[in-house]
Amino acid sequence: MVVLLVFINASNWGTIFNLQREPVLKITFLSIGQGDGFLITTPDGINLLVDGGPDARLVTDLLRSRGVGYLDAVLMTHPDTDHVGGLTLAVQEFNPKVAIYNPWPNGNKSFNSFQEVVATEGIEVLEITSGDNYLLGCCVELLFFWPDSKNAISTNPNDESIGFFLSYLNFDFYSAGDISAKIEERSADYLNIVKLNTKVELLKVGHHGSKTSSSEKFLNSLKPKNAVMQYGKNSYGHPNSEVVDNFSNLGIPTFNTNTTNLILETDGVGYSFEYEN
């Protein structure tokens, strides 16, 4: 299914790859502890928040401190608290027009609160399945490749994570929440068919660097040029040393948000990474 979705609204160290400083796509990976949360800002100013980390208010405070005054949409990859915990307040504070997520039976307290607020605020809900294709703002394409069904078919919410492939001109980005390696491998095969073996510039590493994701087979198939891991202090052993070695052995530079925000900017040709002070 192809749908035109146009939302209307009014460091000290970096790595640069031929960025020309034209109107840019910006992705800000937020340092929110042990969880996921990042903000996509299109060249024409559309803001999409993907996940909200574990803390009820940290993601909102971080967005406010960066001068963000509105969200056009939020996307919840799956209902684990380390992804949805901060989305409820973000919805209340920033009044997005659209919430992108799939229903989940017997959700946890954080997910139930998020879903209730979305309903109370009268926010449009978009449910996602593989093959959905949206245009975000002027020129950023989102191709959703997972899940296969809008109805949960797994008892593990990680494997029902919403996965998408973002394209802006010649820049490509892969994000898929916490899906496991077997599904990552399937998704890479699918993308190699529909995107004609595109080599992605950036991978958001699955499941915070857990050993359940990021197999060598997947990385060899997707061929990411760079990767970013979102994790904080934790008792799970994230990132797993074998996973770290997988990236190292393939020569893939890996960034993280353990201590500070990471900002990616691209004009669709070149791109840069910078850690915020």
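Is Glu265 buried or exposed? At 14% relative accessibility, Glu265 counts as buried, since the cut-off for that class is under 20%. Please keep in mind throughout that this is a predicted model.

1. **Glu265 and its partner.** The side chain of Glu265 meets that of Lys26 in a salt bridge, with 3.5 Å from N to O. This pair links distant parts of the chain: Glu265 belongs to strand β16 (residues 262–266) and Lys26 to strand β3, 239 residues apart.

2. **A salt bridge between two helices.** Glu93 forms a salt bridge with Arg64, and their closest N and O atoms are 3.2 Å apart. Because Glu93 lies in helix α3 and Arg64 in helix α1 (residues 58–65), the pair ties together parts that are 29 residues apart in sequence. Glu93 counts as partly exposed at 33% relative accessibility, and Arg64 is partly exposed as well, with a relative accessible area of 39%.

3. **A salt bridge from helix to loop.** Arg186 forms a salt bridge with Asp148, the closest N and O atoms being 3.0 Å apart. Here the link runs between helix α5 (residues 181–194), which holds Arg186, and the loop between β10 and β11, which holds Asp148; the two are 38 residues apart. Arg186 has a relative accessible area of 48% and is partly exposed. Asp148 is also partly exposed, at 41%.

4. **The cis peptide bond.** If you plan to check omega angles, have a look at the bond from Trp146 to Pro147: this peptide bond is cis, with omega near 10°. Pro147 is found in the loop between β10 (140–146) and β11 (163–168), and the loop between β10 and β11 is also where Asp148 of the previous point sits.

5. How many of the six residues of β11 are buried? Six of the six are, so β11 is largely enclosed by the rest of the structure. In a regular strand the side chains alternate between the two faces of the sheet. Both faces of β11 are covered: Gly163, Phe165 and Ser167 on one side are buried, and so are Phe164, Leu166 and Tyr168 on the other.

6. **Strand pairing around β11.** β10 and β11 pair in the antiparallel sense over five bridges, and Leu143 stands opposite Phe165 in β11. β11 and β12 also pair in the antiparallel sense, again over five bridges; the bridge partner of Ser167 in β12 is Asp172. β11 and β12 form a hairpin with two residues between them, and Leu169 in the turn has a positive phi of about 55°.

7. A search of the whole structure finds 14 aromatic pairs. One of them joins Phe29 and Phe173 in an edge-to-face arrangement, 6.0 Å centre to centre with 75° between the planes. Since Phe29 lies in strand β3 (residues 25–29) and Phe173 in strand β12 (residues 171–175), the pair ties together parts that are 144 residues apart in sequence. Phe164 and Phe173 form an edge-to-face pair too, at 6.2 Å centre to centre and 75° between the planes. Phe164 counts as buried at 1% relative accessibility and Phe173 at 0%; Phe29 is buried as well. Ring pairs link Phe29, Phe38, Tyr134, Phe144, Phe164 and Phe173 into a cluster.

8. Asn95, in the loop between α3 (87–94) and β7 (98–100), has a phi near 50°, a positive value in a residue other than glycine. Lys223 has a positive phi of about 55° although it is not a glycine, and Lys223 is found in the loop between α6 (216–222) and β14 (227–229). At 46% relative accessibility, Lys223 counts as partly exposed.

Key: Residues are numbered from 1 along each chain as its sequence is written. This is a predicted model: local features need pLDDT of at least 70, side-chain atom pairs count only at pLDDT 80 or more; totals for chains, interfaces and linings use all residues. Side-chain values use heavy atoms; hydrogens and water are left out. Helices (H or I, at least four residues) and strands (E, at least two) are DSSP runs, numbered from the N terminus. Buried means under 20% relative accessible area, exposed over 50%, partly exposed in between (1.4 Å probe, protein chains only). Rings of Phe, Tyr and Trp (its six-membered ring) pair if their centres lie within 6.5 Å; planes under 30 degrees apart count as stacked, over 60 as edge-to-face and the rest as tilted. Two strands pair if DSSP finds at least two bridges between them. A salt bridge is a side-chain nitrogen of Lys or Arg within 4 Å of a carboxyl oxygen of Asp or Glu.
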